[in-house]
Amino acid sequence: MALDSRRRRDLLLIFGLLVCSGIALFLVLFFRTPGGQVVVEVDGAVYGKYDLYKDATVRIETEDGGYNLLQIADGCACVTQANCPDKLCVHQPKISQTGENIVCLPHRVVVFIEETPS
């Protein structure tokens, strides 16, 4: 008898977590806003701000001789080349929504999308 009650509570807990997760996913997807500009920071300082809807290729150079090549095209931004050892930044997906980012830890580069200031 105690086992059935425990199993029922476990199932209710799992169901509740699934419902909460579904609601959270819906809110995140529904309230996402397309970005307006790409901001590049190197070592915590703003390196540059670029219009997300103007195609451009930006070479981001760091003091230690490192570089990342940022490609902005078709309303998306991605890192296409880098000379860092792991190249994780190159394998990250394209970004286009406010709050999305690409990070290159070896070069201390952060690329993120924000709304266009009014």
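Predicted model: local features only at pLDDT ≥ 70, side-chain atom pairs only at ≥ 80, totals over all residues.
Biologist: In what order do the 4 strands of the open sheet stand?
Modeller: Strands (E, at least two residues) and helices (H or I, at least four residues) are DSSP runs numbered from the N terminus, and two strands pair if DSSP finds at least two bridges between them. Strand 2 (45–51) and strand 6 (101–104) each have a single partner strand, so one side of each is left without a neighbour in the sheet. The pairing is antiparallel, and the order is 2-1-7-6.

Biologist: Which residue in strand 7 is the bridge partner of Cys-104?
Modeller: Strand 6 and strand 7 (residues 109–114) run antiparallel and are joined by 4 bridges. In strand 7, the partner of Cys-104 is Val-109.

Biologist: How many disulfides does the structure hold?
Modeller: A disulfide is a pair of cysteine sulfur atoms within 2.5 Å. The cysteine sulfur closest to that of Cys-84 belongs to Cys-104, at 3.7 Å, which is too far for a bond. Cys-84 is buried (under 20% relative accessible area; exposed is over 50%, partly exposed in between, with a 1.4 Å probe and protein chains only), its value being 1%, and Cys-104 is buried at 3%. The number of disulfides is 0.

Biologist: What is the phi of Lys-87?
Modeller: Most residues other than glycine have a negative phi. Lys-87 has a positive value and lies in the loop between strand 5 and helix 2 (88–91). With 33% relative accessibility, Lys-87 counts as partly exposed. Its phi is near 55°.

Biologist: Which residue meets Asp-43 in a salt bridge?
Modeller: A salt bridge is a side-chain nitrogen of Lys or Arg within 4 Å of a carboxyl oxygen of Asp or Glu. Asp-43 is exposed at 54% relative accessibility, and its salt bridge has an N to O distance of 3.2 Å. Asp-43 lies in the loop between strand 1 (37–42) and strand 2, and its partner in the loop between strand 6 and strand 7, so the pair ties together parts 65 residues apart in sequence. That partner, whose phi is a positive value near 60°, is Arg-108.

Biologist: Which residue forms a salt bridge with Glu-61?
Modeller: The structure holds 3 salt bridges, one of which joins Lys-49 and Glu-114 at 3.8 Å, N to O. In the pair containing Glu-61, the closest N and O atoms are 2.9 Å apart. The partner of Glu-61 is Arg-59.

Key:
Residues numbered from 1 in each chain as written. Heavy atoms only, no water.
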